[in-house]
Amino acid sequence: MTDYIYNSKGNAVGFIRGKYIHSMNGNAVGQLRGTHVHRLSGKYIGELHESMILNKHMGNLGNIGNPGNPGNPGSPGNPGNRGARNYGFPDVSIDLFG
């Protein structure tokens with residue numbers, strides 16, 4: 001089963017495979033450490049919450065370093081729109097997926 005990441009409009013913008021986050025075309029763009037989302041370069045972006053990447057105002061959790069290239073698992077297909085969501089924190093998925 002693929003775990004998708006959505007933006008606040010409900011569109012799938014990426015997916016998770018293991019500890020890596022990939023764009024919908026399969027390119028690795030980030031990594032997970034618990035619920036902390038980081039770019040592949042290691043820079044902290046935000047928190048994974050209800051399949052969204054949110055700025056929960058936790059401060060800067062630092063840089064965890066580059067894990068290397070996790071490869072491209074290919075496109076998992078598009079799950080469609082799940083509907084707009086707002087959890088009271090800003091959606092920062094654009095900072096990871098561009």
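**Basis.** I worked from a predicted model, in which local features need pLDDT of at least 70, side-chain atom pairs count only at pLDDT 80 or more, and totals for chains, interfaces and linings use all residues. Residues are numbered from 1 along each chain as its sequence is written, and side-chain values use heavy atoms, with hydrogens and water left out.

**Sheet.** I looked up the strand order first. Seven strands form an open sheet, β1-β2-β3-β4-β5-β6-β7, with antiparallel pairing. Strands are DSSP runs (E, at least two residues), numbered from the N terminus. Two strands pair if DSSP finds at least two bridges between them. The edge strands are β1 and β7 (52–54), each pairing on one side only. From one strand to the next the twist averages 35 degrees; axes are lines fitted to C-alpha atoms, and angles run from 0 to 180 degrees between N-to-C directions.

**β1 and β2.** I checked this pair next. Four bridges join β1 (residues 3–6) to β2, and the two run antiparallel. Asp-3 has Ile-16 of β2 as its bridge partner. Tyr-6 stands opposite Ala-12 in β2. The hairpin has five residues between its strands, and Gly-10 in the turn has a positive phi of about 95 degrees.

**β2 and β3.** Four bridges also join β2 to β3 (residues 20–23), again antiparallel. Phe-15 has His-22 of β3 as its bridge partner. Two residues lie between these strands, and Gly-18 takes a positive phi near 65 degrees in this hairpin.

**Burial of β2.** Why is β2 largely enclosed by the rest of the structure? Five of the six residues of β2 (residues 12–17) are buried, so the strand is largely enclosed. Buried means under 20% relative accessible area (1.4 Å probe, protein chains only).

Technical notes. Buried < 20%, exposed > 50% of the residue type's maximum accessible area, 1.4 Å probe, protein only.
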